Each structure stands twice: as C-alpha cells, then as structure tokens.
Amino acid sequence: MLTKLTNWSRLKSPWILHLNTGACNACDIEVVAALTPRFDVERFGILLKATPRHADVIVCTGPATRQMKDRLIRIYEQTPDPKFVIAVGACAMSGGVYRGAYNVLGGIDQVIPVDVYIPGCPVRPDAVIDGVVKLLNKLKG
Amino acid sequence: MNDQVLIDKAKASLGDRVEITNPAPRRIFIRVKADDLLAAVGWLKNEAGFTHLSTISGVDLGQSFEILYHFANNFICVTIRTEISRDHPLLPSICELIPGAVLYERELQDMFGIVVQNIPDGRPLVLPDDWPSGNFPLRKDWKYERPPEVIPGGKK
Amino acid sequence: MKFQIPIGPQHPALKEPIGLRMTVEGEVIRDADIRLGYNHRGLEKLAEQKTWIQNIYLTERICGICSHSHTTCYVQGVEKLMELEPPKRGLYIRTLVAELERIHSHMLWLGVAGHEAGFDSFFMYTWRDREIVMDILETISGNRVHYGINTIGGVRRDLDEQQIKHILDSLEILRKRSEYYKNLGTNEPSFVARLAGVGYLSKEDAIALCAVGPTLRASGVPMDVRKDDPYAVYDEIPFEVCTADTCDVLGRTVVRIKELFQCYNIIEYLLKNLPAGPVAVRAPRRAKPNEVVSRYEAPRGENIHYIKSNGTDKPERLKVRAPTLGNYAATIKMLKNGFIADVPLIFAAIDPCICCGERAVSLVDARTGQEKIISMNALKNLSLKVTAGKARKREAEWPL
C-alpha cells in the first residue's frame, strides 16, 4: 500500500537534479528556461532540487570530461534508489562536437547508465518536458 | 596616438633590439629576443601606457616555440613576440610588471611544457588531476589515441 | 582561526563546474583559489584538425550564452586572413544579432543576480522578457541558441520587411519593461542595499589585474572594444560607453542596465539604416600563410582570438581567450576580505561563463587542516539570510 503511494508520488511529481559535466551552457539555460513563466514545469510538479540526495531524476548535460568523471560517479551513487538519468543534448549522448578531443570521454553513458536520451543542440525546453514525460510513461508501463 | 607615433617611440627607446611590423591598422607586432623581453614589456607599460594584457599565446613552430604577448589600450593592439628553443624551453615571467599574467603563464606551462622562471604560482591550470605528466597537448608531435567506445547494451 | 572551504563542481543553479577553495577565518574570507579544468575540452587541439568552415560550428559551441561572439571573432579573423570584404548588409545583420545577443545575455544575468540575492520575482520577470528576444532570434535564424548565422564572407540569411517590423514592435515592449529595471532602486531599496559594497575592486586593481568587460567598467575605466578597435559597423553607429564608479556589484548591475538601453538604440539605428545588397561573398578554401589578432566585445568582456594559417584549408593555431578567464585574477582579489555569504553574489557579478567551472565549497580549517564540506545550497541560504537584512546596514544610492 505504501509502495503504491510512493510510486504514485514519484510518477506525479518527479524531483530533478540538474548537473553540468562540462557543457557549453546552452542546454543548461534551456533546462532552467523550462522553469520560467513561459514553459513553467513547476505546475506539473517537477521541482529543481539542489542536492542529489533529494532527487529522483538526474538531468545531465555536457560531455563527460576526464576531470568530472569521478564526481559524476559520486553524484550518481549519492542519489537514492530508484533513480533515473536523462542525457540532454548531443554532447551528453555521444560527445557532440567534441568527439575526439583529448579531455572528453564521450557521452555520459560511458560513465553511468542512462535511461532517456534527448537529442538537440541545444535542446528546446519543450523537448526537455517531453523527455521527462516519456520517462514517466516508461515507468508506468 | 596612431600607429606611426608608437613605432617611432619604440625605435627611439629600444633601438635595434626590436623589429617592428605594422600589417594592418591598429595592429603592431614587435619581435624581441627572450633576454630583452622584460625590458620591452617594461617600456610598453611605463612609457607607452599599455597596462592591459589581453592574453599570452604559444605556437609550436617545430624547432622552437613562439610566445606572443597581446597588449591593448584605447587605440592600438600591440603584440610582442619572442622565440625560445624546444630543448630548453625557459621563459622569464612578467608577473612583477603585470600581475594579471599569472593565469596565462600557467596555461603555457600546462599546454606546452614551457618552464616559466619566477612565476609566483606554478600549479597546473586546466589539465585534470589524473593527467599523466610529461604529456603536453598542444605540441604538434603529441597525438591523441581515442580509446574504443563502449555502447551500452549493443554491439562493440 | 582559519578554515579552508572548497566549493566544488556540483551546485544547484545554472552555472558550470569549477572548484573554488577559500581560506576563511570566522565569516571573513582571507584567501581564495580557483581550480579550473572541469570544463576543459581540448578545443584548441581539435580546431587544428578541422577546416575553416567546420571550425565555425566548433567555436560556436565554446559557450552557449555568448555563442555569436565567438563565431564573429573567429570569422572576422579568417576574413582578414583570406582578404575578404563582406558586404555592408551582411555586416549590419551580423551587428544586429550581436546586439540582440547582448540584450539576452544581460537579461539572463540580471535574473541570475536577482536569484542569488533572493529576489526570485525579478528572476522570473527578466527571463519572461528574455523570451521576447529569443522569439526574435528564432524568426531571424531558426534557433533560440547557437544561431549559426555567420559564414566566412558574410551571413547566411537575410531579413525581410515582416521580420524588421516584428523586431521594431518587440523593441517597444522591451523598452517599456526595461523601465522597471531602471527604476529598480527606487522601488526595491533592499535589493540595492544588498548589492552595495559587495565585491569591491578599486580602479588601480582592476587595471593591474587586467579585468575586462562590465567588471572593469564598473570601476570607472572606459575600455570597450567597440569604441577602441571598431569592427563590423561600430565605427558608424553613435553610442556611448557605459561606466559606473562605485566599483562594486551595484556598479556592475548599473552598467549592464545602462548597456541594455544603449543596445535598444543601436538596434533601432541599424534597422532604420539597413542598406540593400547581397549578404555574403564567396570565400576560398585555403588561406595564405599569415596571422591575425581579432578582438570583439562580448557581453562579458573582451574576447580575443589569435589565428595563424599555413596555406592549407585547416588552421595552424587557434588561440581563444574568453572574457571570463580575464576576470579570474580580479575575482580572487574581490573575494579576499569579503564574507562567505557574499560568495554567490561576487561570483555571479563577473558573469561567469566558465564553459568559455562546478561549485562546491569546501571549508578547510587552516590550523588543524580538517575539511568540512558545505553545499552550495547551504551557502546560498546563508546569502539569503543576510538579504533578510539582519547583520548589515548599508547606505546606498541608486545611481540611475
């Protein structure tokens, strides 16, 4: 009974943590723009949290640089189960324009397991909302 | 002041230790030897009034490194260039004259392996903590071998 | 009793990863140190392996907020290497997009500054107004960020009458809404009191540490690349260099608000005097061996690119110095003798674009060497508590 309640609350109101692992910032401002009055995801219950320990979903932008690799793993482990990872943008999916650079390992999936990939360079805020909704549908089914 | 005025002042003060070119309006390039570098920067700062250092670039020319110091003021952009050898890359630091140069010199140390003498703070700037030492990315003979990628849940 | 606080890569707001280590004594910061490198992607090496046109795409993604500034600086340099003269209409459109980018960047910054000082309604207002600018950019270029409008020899798209009318109408709305920002001091004295006296950087220090952009102009030094070294069509447009002389975060806010109004005037001038003609000339594939220094006034400061060619279709060396790097030495000076609660504000005031660093702050006790990690959220809560007006009273004048 309690599990049903917690599952329902996770589906209806996921709390996200926004993490930048070396991106150019374009995807980040689009993710933050999703909170602003035009797109306003807070009316759907999506809240931007400050610390990984409170979050359900990690929204990750940017290619994984070598320096950020350990921190990324640490943050992934600090997030409590069940957790989901969304890779936002071309850089997070495969390295984007920076594929082949010496300090870049590739996409985020070289370091942590990813559930949803959102393409775009940069991603529109509507696409971010769409991605989160698709993740929730995946959980329901 | 315009370009010609500055060129005449430089020739008057520094004489034949410098070679000056003026390829475009508001762009002057001055070539000095590494020993005269501090004298030239000192002259530029104290007598010509150029206190703003924009950046320090390094170029790998094969047999030697070329270092360019870009200065700017409200009228002209002056670049001082000097060359140092590849086997003994030693460069005097200009941080006593221009305190803001320290970050750019640290980057030169990281990227090319140049040793800057008398630098106030010589720690690595941009390379990660687990970078193997002795690898200097911007040298022309340093190639990067990309490790094979792992595709999660799929073929190799 | 000194503690050292590391501010590390993961933080709750919009910024990039950097590491900041501060030595504190009680609440006062005695020393600060910045660890870069979380965002280092090895771009300069990558640029040597791609052609001139591919590098436009690459330099655009150095930074998302000031992407047009990096492409324009690069393209200007390459045009000088190839000895091309882009047509006047192309230059006007390039300058138009540059000023629109300056507006959107300053509004973004105003929102972030408001958020760091606890004024969240201001954050929502400025970002709502920013959407108007994003719509204009989308009609002109097809994308909200990373417009891709530059090519070697001019621009890729042209403007038609309907777009010009849309821009002029939106400009009226923006001007009316910006009047609120200008009168902010009289309406919200607590906001002004929070910003006054924070992050003091004297004029001599700003010049000696080679600061750039609004950080320099708020200390009373009138250096602006658009006036000193005019590129594109800035030598034909009448505008003023905005300075302030309070040398603190309040001065930087005032400089950016003044620049917003200058941008509106410049855009109006550009649209009313747009010449007819083609928008681009054809560019060759190769460039003769030569070198060029190209400078540009990005919203954050002076952007400088040094490009060297060797006769092939790839550059020999591309050196990029983004404006935020020039402000780091000044930031360390500003953090000393400040309070911990002011750290988010001081750092936000230089308008960090570290993709051109993550913030976790770790506090290290200088005597015993013990480390204590406090999260950026806790730091921000501390900053907000101060805004609630308890410990400090500051007399501040709103200069506008």
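Which residues in helix 2 of chain C meet helix 3 of chain C? Trp52(C), Asn55(C), Ile56(C), Thr59(C) and Glu60(C) do so, and their partners in helix 3 of chain C are Ser67(C), His70(C), Thr71(C), Tyr74(C), Val75(C) and Val78(C). The model is predicted.

**Helices 2 and 3 of chain C**
- The contact between helix 2 of chain C and helix 3 of chain C comprises 5 nonpolar, 5 polar and 1 charged residues.
- Helix 2 (residues 52-60) and helix 3 (residues 67-81) of chain C have axes 8 Å apart and pack at an angle of about 155°.
- Because angles over 145 degrees count as roughly antiparallel, helix 2 of chain C and helix 3 of chain C are roughly antiparallel to each other.
- The crossing of helix 2 of chain C past helix 3 of chain C is right-handed.

**Helices 5 and 6 of chain C**
- The axes of helix 5 (residues 120-141) and helix 6 (residues 161-182) of chain C cross at roughly 170° and come within 10 Å.
- Helix 5 of chain C is therefore roughly antiparallel to helix 6 of chain C.
- Residues of helix 5 of chain C that meet helix 6 of chain C include Asp129(C), Ile132(C) and Ile136(C); among those they meet on helix 6 are His166(C), Ile173(C) and Arg177(C).
- By class, this contact of helix 5 with helix 6 of chain C has 6 nonpolar, 4 polar and 2 charged residues.

**Contact of chain B with chain C**
- Chain B contributes 27 residues and chain C 26 residues.
- On the side of chain B that touches chain C, strand 3 (52-60), strand 4 (64-72), strand 5 (77-85) and helix 3 (102-112) of chain B each supply at least two residues.
- Strand 3 of chain B gives the most to that side, with 6 residues.
- The side of chain B that touches chain C has 16 nonpolar, 9 polar and 2 charged residues.

Notes:
Residues numbered from 1 in each chain as written. Chains lettered and ligands numbered in written order. Predicted model: local features only at pLDDT ≥ 70, side-chain atom pairs only at ≥ 80, totals over all residues. Contact = placed C-beta atoms within 7 Å. Helix = DSSP H or I, 4+ residues; strand = E, 2+ residues; numbered from the N terminus. Nonpolar A, V, L, I, M, F, W, Y, C, P; charged D, E, K, R; others polar. Axes fitted to C-alpha atoms, helices over the stretch in contact; angles between N-to-C directions. Parallel < 35°, antiparallel > 145°, perpendicular 65-115°, else oblique. Left-handed = near helix turned anticlockwise from the far one by under 90°.
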